[in-house]
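Here is a short tour for a first look. Keep the sequence and the 3D view side by side.

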Amino acid sequence: MKKTLSYISIFFIICQAHSQNYEIKSPDGNIRISIDNSDNIIWSASLNGNVIIEKAEAGMDFTSNTDFGTNPKVKKHTIKSVSKTIHPVVAHKDSKIKDDYTEISITYRGHYKLNFRAYNDGVAYQFIDEAHARRQVVSENISLTFPKGTKSLFPQEESMYSHNERLYLDKSLPEILTNEFCSLPVLFITNKAKVLFTETALIDYPGLFLKGNASTTMNAIFPKYVLEAVDKNGKSDRVQTITKEADYIAQTTGKRVYPWRVFIISDDDRTLIESNLTYQLAKPTVIKNTSWIKPGKVAWDWYNANNIYGVDFKAGLNDDTYKYYIDFASKNNIEYIILDEGWTKSTTDILHFNPEMDINELIRYGNEKNVGIILWVLWKPLDENLLEILETYKRWGAKGIKIDYMQRNDQYMVNSYEQIAKECAKLQLLVDFHGAFKPSGLRRMYPNVVNYEGVRGNENNKWSEDITPEHNVTIPFIRMAAVPMDFTPGAMINKQTKNYAISFDRPMSLGTRAHQVAMYVVYEAPLQMMCESPSTYYKEQETVDFITKIPTTWDETKVLHGSVGNYIVVARRKEDTWYIGGMTDSNARSLPLDLSFLGEGSYNMEVYRDGINVDMFAQDYKIETLHVTKSTKATANIASGGGWSAIITKE
């Protein structure tokens with residue numbers, strides 16, 4: 001009998017090797033990846049025995065040499081389990097990240113590998129080219145088939161030339177037509193779990209979009225390699241027309257790795273917030289000295305159109321106005337101010353400043369007041385003279401740059417992001433990418449990259465009614481999975497829908513004051529904006545005092561409640577203090593708070609919540625201090641479109 005069992009085992013091993021089928025599990029055993037290397041590389045993923053990604057194809061086509069994934073022939077494979085801890089230089093949500101996974105590395109004939117990893121919160125794969133060849137990538141074959149009944153919160157794009165600031169359309173997959181596509185991250189909702197799809201370690205390669213097929217299958221598409229781009233209408237300072245493209249998406253040379261394709265998989269919406277997969281899979285930090293990287297809050301001018309009042313000078317693009325900003329920041333321990341559009345001589349001459357302003361004097365004054373200056377620039381003129389411009393800003397004493405209007409994510413643009421990050425790191429300058437595609441791992445390589453936009457944020461209040469409470473409790477689960485997110489919170493003119501009006505120069509926000517305050521805990525952004533006019537903030541000092549107590553980076557994150565598009569409550573720790581932020585859609589909610597994460601002893605809990613008359617006056621709020629312990633049964637009572645925040649300190 002023993003001999004028979006041995007023969008059966010050998011027969012099974014031989015059959016498995018012949019079929020080239022493999023399976024790995026996550027460390028907790030709940031997620032499984034199955035890989036079939038027959039005519040193509042086909043894989044699937046399940047959670048708790050339920051198929052979540054039914055059938056997916058992975059491959060790459062080139063103009064020459066071996067295509068990856070076509071008639072794959074396995075030479076060997078290895079499987080390993082890894083358990084380690086990552087300590088981020090700039091801790092966006094956790095100062096210690098457990099990096100536990102199971103990995104299968106498959107080596108194919110044709111000099112390439114494919115690595116799959118199974119984590120407790122998702123799966124990922126990455127191609128590795130070992131051919132040392134010059135290649136032109138014609139396409140990357142990514143096909144994702146989900147179970148029947150799957151729908152998506154779909155950030156639909158009109159063009160690949162985009163700021164990637166989208167609303168999330170609730171669509172069943174068969175409703176997404178072949179001419180419809182989206183940017184990443186994108187969320188898929190199956191009957192058993194949710195899948196957040198994005199990418200990381202995006203280096204020297206174009207960004208990915210995903211298109212429909214009027215079925216449950218989605219396919220990747222990419223911007224072509226740009227051969228020529230010219231000013232739109234021959235005169236634009238920021239918008240280009242791509243006049244010539246190659247018939248391939250990327251060109252590359254030598255041994256290299258390609259981006260990780262990342263799938264956060266969970267039947268608990270809270271996982272989408274807590275996951276660190278996009279950081280774990282990114283390339284490690286390449287900066288040796290990082291002590292100069294100082295996250296913080298920023299007093300921002302553009303949202304409020306420099307509307308300073310109650311002063312004896314004319315507000316506008318002048319030294320008096322920005323010294324007022326600096327004074328406000330200094331009095332409130334706000335680390336930075338931004339000089340947005342208008343400080344340069346023109347939007348194309350960004351080596352010289354507006355004659356109404358003396359940047360050297362403003363930077364000197366800011367240093368005197370312990371407030372750093374960050375300078376806004378357009379990408380196009382910066383790209384044309386990168387080194388001289390950055391060296392000039394550094395010589396002036398600027399602390400960083402905010403770059404706007406990239407609008408592309410072809411290979412050239414992706415490389416431009418990396419070059420900007422690299423050169424700014426050499427000069428010890430912070431980087432905020434505005435008008436940008438989603439974060440895709442660069443923030444780990446270059447932690448001086450402290451923010452990205454790529455989200456429909458508060459600035460849209462100036463011209464639309466899009467920034468609804470429903471939108472605000474959707475983006476943390478989708479866009480923020482890529483982290484960080486420059487939403488620019490802090491509006492103090494708050495309205496319910498019936499009182500809301502669009503105003504470019506005096507914008508207001510939909511939802512309550514407490515809804516805006518809670519964003520400072522809920523939304524992750526190491527460089528976090530305060531978008532309102534300092535003159536208005538001075539009238540709301542109690543609110544400013546609460547906001548400025550909240551850090552912008554965190555040691556630990558726990559999501560207490562989470563439902564995509566409905567509500568969220570996040571608890572975050574910085575050193576020994578805990579912070580809680582809760583937000584809801586248009587439905588009022590009472591959400592119980594489990595405070596068992598607190599240590600022993602008694603704590604003061606300072607609460608900022610919706611006021612009793614907030615249904616009529618959205619700016620109504622109440623601040624109160626409670627005494628709590630880890631066993632206290634607390635409740636976050638949140639009004640329609642409202643918020644709830646707390647700062648918990650040891651007594």
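## Aromatic rings

Rings of Phe, Tyr and Trp (its six-membered ring) count as a pair if their centres lie within 6.5 Å. One aromatic cluster is formed by W43, F62, F68, Y108, Y112, F116, Y125, F127, F197 and F263. The model is predicted. A search of the whole structure gives 40 aromatic pairs.

Take Y108 and Y112. Their ring centres are 4.8 Å apart and their planes meet at 10°, so this pair is stacked. Y108 is buried, at 1% relative accessibility. Y112 is buried as well, with a relative accessible area of 1%. W554 and Y579 pair in another way: edge-to-face, with 5.5 Å centre to centre and 65° between the planes. This pair links distant parts of the chain, 25 residues apart. W554 sits in the loop between α13 (541-548) and β32 (556-563), while Y579 belongs to strand β34 (residues 577-584). Both W554 and Y579 are buried.

## A buried arginine

R572 lies in strand β33 (residues 567-574). Is R572 buried or exposed? With a relative accessible area of 0%, R572 is buried. Its contacts beyond four places in sequence include K93, M480, E524, and both W554 and Y579. V522 is also touched. A polar atom of the R572 side chain lies 2.8 Å from the backbone oxygen of V522.

R572 and D129 are 443 residues apart along the chain, and their C-alpha atoms are separated by 40 Å.

## Helix α4

How far apart are the end C-alpha atoms of helix α4 (residues 319-331)? They are 18 Å apart. At 1.5 Å a residue, the 13 residues should span 18 Å, so the two values agree.

At the start of α4, a side-chain oxygen of N318 comes within 3.3 Å of the backbone nitrogen of D320. After the helix comes N333, with a positive phi near 55°. The buried residues of α4 are D319, T321, Y322, Y324, Y325, I326, F328 and A329. Among the elements that cover them are β23 (296-299), β24 (336-339), α5 (359-368), β25 (372-378) and α12 (534-539).

## Cysteines

The structure holds 0 disulfides. C182 counts as buried, at 0% relative accessibility. C531 is buried too, with a relative accessible area of 0%.

## An annotated span

An unreviewed UniProt entry annotates residues 24-284 as "domain: Glycosyl-hydrolase 97 N-terminal". In the model, this span is 3% helix and 53% strand. Its end C-alpha atoms lie 25 Å apart.

Key
Residues are numbered from 1 along each chain as its sequence is written. This is a predicted model: local features need pLDDT of at least 70, side-chain atom pairs count only at pLDDT 80 or more; totals for chains, interfaces and linings use all residues. Side-chain values use heavy atoms; hydrogens and water are left out. A disulfide is a pair of cysteine sulfur atoms within 2.5 Å. Buried means under 20% relative accessible area, exposed over 50%, partly exposed in between (1.4 Å probe, protein chains only). UniProt positions are given in the numbering used here, feature names are shortened, and annotations may be inferred rather than shown by experiment. Helices (H or I, at least four residues) and strands (E, at least two) are DSSP runs, numbered from the N terminus. Contact means heavy atoms within 4.5 Å. A polar contact is a pair of N or O atoms within 3.5 Å; within protein, one must be able to donate a hydrogen and the other to accept it, and residues adjacent in sequence count only if both atoms are side-chain atoms. The expected span of a helix is 1.5 Å times one less than its number of residues. Rings of Phe, Tyr and Trp (its six-membered ring) pair if their centres lie within 6.5 Å; planes under 30 degrees apart count as stacked, over 60 as edge-to-face and the rest as tilted.
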